Amino acid sequence: MRTPRKNISLAALCLVTVGLHLLTAATGTQYYLTQLTMAAYYGLVVIGLGVLMGYAGQISIGHAGFFAIGGYLAAALTTRNLEPFRDAPLVRGLDSLGLLAAGQDIYGAALLTVTPWAACLLAVSLAGLVALVIGVPVLKLRGHYLAMATLGFGTIVYRIFLASPYFGEADGIAEVPAFPLLPALGGFGPVVVSGGAEHRVLNFYVAWGVLILGMALLLNLIGSRVGRALRSLHSSEEAAEASGIATARCKLQVFVLSAVYAALAGVLLTHFNGGIGPSEASVMKSVRYVALVAVGGMTNLWGTLIMGVGLTFLSLRGVFGAHDDVVFGAILIAVMLFTPEGMLSLRLKEWARRLIPGARS
Amino acid sequence: MSGGNGQTMGGGQEPLLALHGVHKRFGGLHAVNDVSFSVAPGSIKAVIGPNGAGKTTLFNLIAGNLPVSAGTITFRGEEIQGKKTHAIARLGMARTFQNIKLFHGMTALECVMVGRHVRSRSGLFAGLFSLPSTWKEERAIRTRAMELLDFLQIADLAHVEATSLAFGQQRAVEMARALAAEPKLLLLDEPAAGLNIYETAEVARLITTVRDMGITVLLVEHDMSLVMDISDEILVLSFGAKLAEDTPANIQKNTEVINIYLGADDAA
């Protein structure tokens, strides 16, 4: 009885995606597609965090860190020249596995870099591994202590990227190449993650496709046995443990999963933007993700998706101007004060009460 | 004082649960002091004692919520002191809580489905990708959970949020959740607390039915008539130590128990 509703919602999201494209095409505002593409990738981070925070009840103010690990690693591996290290055993090993691509830089010098696919897998795996190593000790903490620890983690990641010459210090990494996801097949051209204007529509569909797929998987998860376990430990770890649920393991699994979501979004957005800078790793970004989950309604994955993509889109369009961070900070405070269950949940309940008298006592 | 052989009434049968010289200290407080006893399979055993006697602490030691300070706890032939709560649950122990612990934002049915956790296996990846292998399991979990709600006569409340139910109904959901694990041993922490006389009679019937289904029951309870009616054996705790362990009939005659626990005027 629940599955059809989930599928209908996902189908509606697909229609919205096509509708957005047609709307921009009809009104001659196709430049919106660029920000819609970026918003979809940020949306992926936010729904991943939504499962961790809303369903499992574990806060993380360090998810920009995982996003940045994904983005920076993909950027560095696909741009940093390995030619001088060609004879190093590690480089030779990577080469023999076919993970390296030779090319030329803008001055015509030989360039040897990791292929985008290999870089993507390495970056996402490393983010997952970091989440695993960090998660074991940190997830023993609860509430404010967990928030502080993840905040500390996020700060460390930010400082590392800001201080390393390898990661471009304050400049970040630019000229990240396009990411050919799929080669040309039959009558279709190749699927490439790239910010070029000629790839704009394609990239919009790639980003929203990834978001919809990511959403479908998370919706599956929260309706599953593990999803029930997560929701149960949210409200009573003692009772969850007594029901045979290995709560520590469960929390760790979803922490790693949400880190992988963030890192994947980081990789794809970095290829789309053609670069990444340290602001992506900043604590303010982490706070923003938390604010978006909160305003979306915590245990409301659809609300989280709508708010995550919608507000991020407005922010990217510059609607909030120079007060961007202020707006998201204010949103977080307002949500916590007035509607701890999120804006959408508030309205839905009110409507339900009006439409069906006595529906909620 | 009463260490050594805890197998007082086991009748030669291997006990399902056995405690040997169990101690629990919280700083200077000796909450459980050298307690030994065993629970025979298929029996109902009650733990009674005045407030602060260490009954709930004893439960928390058995269920693995607290580490023992000394002593051993054997469940189904395996030493379980030091094991994690979920590992002990997996061995076949389920429990209810004195202050009900149901899950917020979940329906009664979902709460009971959580209780099926140990009887199902699909993991994170199977859940994410909704693999066909999970469909059958999910249906089985749902069906069994519905049967249990039906058994506890609250099937009509299956889709109501569990924490919004009436008190007695919440107790029933907790019981269904515990039974969903198909445990060998069921720990009930004050199953009749807050219930009226009719509901208590219902609980008594339920506990004996559960016992007849082959589930051994260990309960902490304040309601003396309930304890005397249904228990095969009673363990009396006082200030963390074992005061007596006997049949209900003998406990009622035990002057020490009457004086210390029931009070001289309250002899049944």
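User: Is Glu169(A) buried or exposed, and how many other C-beta atoms lie within 10 Å?

Analyst: Glu169(A) is exposed, with 12 other C-beta atoms within 10 Å. A residue is called exposed if 12 or fewer other C-beta atoms, placed from the backbone, lie within 10 Å of its own, buried if 20 or more do, and partly exposed in between. This is a predicted model, in which local features need pLDDT of at least 70 and side-chain atom pairs count only at pLDDT 80 or more, while totals for chains, interfaces and linings use all residues. Residues are numbered from 1 along each chain as its sequence is written, and chains are lettered from A and ligands numbered from 1 in the order in which they are written.

User: Where does Glu169(A) lie, and what is its phi?

Analyst: Glu169(A) lies in the loop between α6 (143-163) and β3 (179-182) of chain A. Helices (H or I, at least four residues) and strands (E, at least two) are DSSP runs, numbered from the N terminus. The phi of Glu169(A) is positive, about 45°, although the residue is not a glycine. Most residues other than glycine have a negative phi.

User: And Asp34(B): which strand is it in?

Analyst: Asp34(B) lies in strand β2 (residues 29-39) of chain B. Asp34(B), also not a glycine, has a positive phi of about 55°. It counts as partly exposed, with 18 C-beta neighbours inside 10 Å.

User: What is the mean pLDDT of chain A?

Analyst: The mean pLDDT of chain A is 90, and 93% of its residues reach 70 or more. pLDDT is the predictor's confidence in each residue, from 0 to 100.

User: Turning to the chains, how many residues of chain A are in contact with chain B?

Analyst: On the chain A side there are 23 residues, in contact with 31 residues of chain B. Contact requires that the C-beta atoms of two residues, placed from the backbone, lie within 7 Å. In chain A, α7 (200-222), α8 (225-235) and α9 (237-242) each supply at least two residues of the side that touches chain B. α8(A) gives the most, with eight residues.

User: Which residues touch the most other members of the largest nonpolar core?

Analyst: Ala263(A), Ala265(A) and Val112(B) do, within a core of 187 residues. Such a core is a set of buried Ala, Val, Leu, Ile, Met, Phe, Trp, Tyr and Cys residues joined through C-beta atoms within 7 Å. Its largest share, 16 residues, comes from helix α2 (residues 32-55) of chain A. Leaving aside residues up to four places away in sequence, Ala265(A) touches Tyr41(A), Tyr42(A), Leu44(A), Val45(A) and Phe67(A).

User: Finally, how many residues of α11(A) are buried?

Analyst: Eleven of the 14 residues of α11(A) are buried, so this helix is largely enclosed by the rest of the structure. The buried residues include Lys285(A), Arg288(A) and Tyr289(A). α11(A) is followed by Gly297(A), whose phi is positive, near 110°.
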